[in-house]
Structures are given as C-alpha cells and as structure tokens.
Amino acid sequence: MEQTPKANRVHIGFFGRCNAGKSTLINMLTDQPVSLVSEVAGTTTDPVSKSMEILPLGPVVITDTAGIDDTSELGALRIEKSEEIIKKINLAVYVLRNDEAPTADDMMWLNKLKQNNVPIALFINEINTFDSKSTHDNDSNGNDTNPNYVDAYPDLSAIATVVGSTDFTSNRDRLTLLDLLGGLTPLDVEGEQSLLQGLVDPGDTIILVCPIDSAAPKGRLILPQVQTIREILDHKGLALVCQTEELPTMLGKLSQKPKLVITDSQAFEAVNALTPADIPLTSFSILMARFKGKLQDLVTGVKALNNLKPGARVLISEGCTHRRQCDDIGTVKIPMWLKKKGHTDLQLEFTSGGAFPKDVSDYDLIIHCGACMLTRREVLRRIDCAVVQGTPIVNYGVLIASLHGILERAISPFMDELDRKGFEC
C-alpha cells in the first residue's frame, strides 16, 4: 500500500460546513491526528491529504477541505480550492450535524458533487449524546443510520449513495463507516484496464529503453518506467531494460525478436532508427495516454499541427512540478522540435502541477505531458475541457512521434482499439 503511487489511488474528498466535523471524522477514520480540530470556524484552510487503505477499495487518498460557508478573509479562496478538489476526486463524503438542518449551501454543494457524477457518502455527525438503542437502527444493508434525520430531509437520500451516522469523537463506529466507504464504487478509477492490457502475454519479451540524461532522477527510474516493469512482471513477461545506445547490442543477443519495444518519447527518433521495422514500437507516454485518458482524442488532436499559423497560442502543460533542466522536455526540447518543423513564431505558454486553465478556448493547441502524476479523473477532465471548448489536445508521446514522422508506427499496437472507437488514421 505504501508504495502505491498517489495518482493511482482512489481519491476521497470530505466536504461540509465549518465545524460540521469533517476534520474530526478524518482523524477518527485514520486513527491519527491528520487534521487540526478546533471550535473556531475556518480552522481547515488549504486541503489536507492523507494516504491510507480502505478495503475493498484498496489504497486511497483522503482530503479534508475548508468549510463551504467559510466567511473569513480568505474564505472565497479556500472555497475555490475546495471546488478544484471536486474535479479530482473519485468519491465524496459530505458531513452534516444532526443538530442542524441542511442549508441552501449544503444542498448546492451536494448537487454540485452529483452534477460531477461523484458518488456521495452522507455522514451525520451526532453532536448530542444519544442512547444507541433508541436512536440507532440498522438498515437492510446492516449500515448504522439515523432514520429520524434522513426522514426529515428526504432530498438528502435522493442525492447521497449511503448514509452513516455516529458520534465522530468516538471510535465506536469507525469500522462501520470504513465499511460504508469501502462498499462504494469510485468514479473513473484506473482499474478498468492496465497499462499493458492486451500487449503482453506470459513469456513475452519486452524491451524498455530508458535514457539516463541530466533530466533523469538520480539513482532511480521515472514512475512510468517503474510501473511498466511491474506490469510486465505481473503478466509473467520478461522485462529487459537498456539505454538507447545499448539497444542494438540487446537486440543482437536475443534468439527471438521481442514482442514490443517501449521507449522514452525523447528518444523516439533514435530508437525508431535502431529498431527493425517488424518489431512494434511505442513510448511510455503513449501507454500513459491510453491508460489514463482518451488516446483517440490525443491522436486526433495532433492533426492541428498542420493548421498552426504564425502567432498561434500553444499551451504546454505538465502534471507535476520539477526543477527545469537545460534540456527539459517541456520548455526546451518540444519548442526546439516545433521550430525544426517550421513553427518558429508560436506563442508558447506553460503550466505545471495542479494548474490548468478553466478557459482554454483561445488556445490553438494544448500539449500535455504523459500525466503519470495525475489521477485518471483529472486527465479525463482536462481532455474533456479541451474537447468541449473545441481546442485540440495532444500529449508528449503522440506529439513527438508525429514531429519525427513515426506516429503511425508508434500507435500501431493500438490500432484495433482506435478503429473500434471510430478513429481514422
């Protein structure tokens, strides 16, 4: 669980009014003092996250958000941060107090979650002391609920998937609430397919080309390379790893040709030249596009390259934040390759980490990284944002393959899937 990348976990957001008990609930569920608890409204400022495991969901990230009714000096900014969390989570927990009726703000936020198709668990914080026998009943699923509160506000049960009710300051019902969360079906999780689904069978040899340059992290491989090696092992395949210059030697030592060669996109041109035409070739970035997003939309988006005019606005967006190197792929190499293809007068703009514009309609093209550090839900949101606003979007791997004239080869392992989805190469 501890080794599961944050981007591959189920993300659960906790919402509610100030002092509803969100932070207390999180501390109770995690059995740790994750969030600061105080009688003072607005104690939670920026979202606070904690990784844990909730079976049968598996590894999760739970995030405590600011109160939806925060009226402090920075309240508006805090609420805006909470709204951004909605776009990234797979599940939501909404907290209400049993001594207060739901407000218009509560219903607005519950409907906002529902409109974003986020499954909602409604938890009622029992502020007052109750006799458990007189106030708690078990529903048909064995869940601990407070029917009096829910019956009084029927609109709640129409929005929420499950309802749990307990005193958040007590660990009495901790396991029951964890079971409720574990029984929910998350939105847009990555379990629908694996990184190499349909590409490797037991005994297959897969060569991974992993250049070690100044941009490579010291002493380790990057996340997509590690994930790919693990998946090959899970499929009982044979993972062979080399740098670009060693590829001919590795190929020459094999008695049978490999099932597939996967390269870092930055080495696409060199690896394409070194890999015989009868061996399928793709990149880690293209695998990530298939795994986390909509490969057909990203491949379609690359066609916009032919229509870019001088002065065109191009957004280059990365899902993580890192120190820029002299040969950084996003800010150095991709602009260089674009210029080599004749795009010498583009207006390039850059974003990284969680930053991604809400309005992308003025851009002529969006170039996105492989998104290994983003959840699938966030990647899909960014792609849908671009498609709905009519802005072409492409990812690093697809773009680099196209700029080097090898796009058809790079996506050939996935052509059956693309054809089934109505894509025309």
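Predicted model: local features only at pLDDT ≥ 70, side-chain atom pairs only at ≥ 80, totals over all residues.
## The chain as a whole

The protein chain contains 17 helices and 16 strands, and 52% of its 425 residues are buried. Its accessible surface comes to about 19700 Å², and carbon and sulfur atoms account for 50% of that area.

The contacts within the chain can also be sorted by how far apart the partners lie in sequence. Among contacts with a separation of 6 or more, 75% are between residues 24 or more positions apart.

In soluble globular proteins, nonpolar side chains tend to be buried together. In this model the largest nonpolar core has 73 residues, and the members that touch the most others are Ile 334 and Ile 367.

Which residues does Ile 367 contact, once its neighbours within four places in sequence are left aside? They are Val 314, Leu 315, Ile 316, Ser 317, Ile 334, Leu 338, Val 394, Tyr 396 and Leu 399.

Helix α1 covers residues 22-30, and nine of its nine residues are buried. Among them are Lys 22, Ser 23, Thr 24 and Asn 27, as well as Leu 25, Ile 26, Met 28 and Leu 29. The helix is followed by Asp 31, which has a positive phi, near 60°.

Two packed helices are described by the angle between their axes and the distance between the axes. The axes of α1 and helix α7 (residues 174-182) come within 9 Å and cross at roughly 95°; because angles from 65 to 115 degrees count as roughly perpendicular, α1 and α7 are described in that way. On the α1 side the contact is made by Leu 25, Met 28, Leu 29 and Thr 30, while α7 contributes Arg 174, Leu 177, Leu 178 and Leu 181. By class, this contact has six nonpolar residues, one polar residue and one charged residue.

## Helices α8 and α11

Helix α8 (residues 223-234) packs against α11 at an angle of about 75°, with the two axes 10 Å apart, and these helices are therefore also roughly perpendicular to each other. The residues in contact are Pro 224, Gln 225, Gln 227 and Thr 228 of α8, together with Phe 284, Leu 287, Met 288 and Phe 291 of α11. They divide into five nonpolar, three polar and no charged residues.

Most residues other than glycine have a negative phi, and most peptide bonds are trans. Against that background, a few places in this model can be picked out. Asn 117 is not a glycine, yet its phi is positive, near 65°; Asn 117 lies in the loop between α3 (104-115) and β5 (120-125). Ala 371 likewise has a positive phi, of about 65°, and is placed in the loop between β15 (365-368) and α14 (376-388).

Is each of these two residues buried or exposed? Asn 117 counts as exposed because its relative accessibility is 56%, whereas Ala 371, at 4%, counts as buried. The peptide bond between Leu 55 and Pro 56 is cis, with an omega of about 5°, and Pro 56 belongs to the loop between β2 (48-54) and β3 (58-64).

Lys 294 is found in the loop between α11 (284-292) and α12 (295-301), and with 27% relative accessibility it counts as partly exposed. Its C-alpha atom is separated by 7.2 Å from that of Leu 380, although the two residues are 86 residues apart along the chain. Not counting residues up to four places away in sequence, Lys 294 touches Ala 289, Leu 380, Ile 383 and Asp 384.

Ile 400 has its place in helix α15 (residues 396-403), and its relative accessibility of 0% means that Ile 400 counts as buried. The C-alpha atoms of Ile 400 and Gln 266 are separated by 7.4 Å, while these residues are 134 residues apart along the chain. Apart from neighbours within four places in sequence, Ile 400 is in contact with Ser 265, Gln 266, Phe 268, Ile 329 and Trp 337.

Conventions
Residues numbered from 1 in each chain as written. Heavy atoms only, no water. Buried < 20%, exposed > 50% of the residue type's maximum accessible area, 1.4 Å probe, protein only. Helix = DSSP H or I, 4+ residues; strand = E, 2+ residues; numbered from the N terminus. Core = buried A, V, L, I, M, F, W, Y, C linked by side-chain atoms within 4.5 Å. Contact = heavy atoms within 4.5 Å. Axes fitted to C-alpha atoms, helices over the stretch in contact; angles between N-to-C directions. Parallel < 35°, antiparallel > 145°, perpendicular 65-115°, else oblique. Nonpolar A, V, L, I, M, F, W, Y, C, P; charged D, E, K, R; others polar. Areas by Shrake-Rupley, 256 points an atom, 1.4 Å probe, with all protein chains shown as cover.
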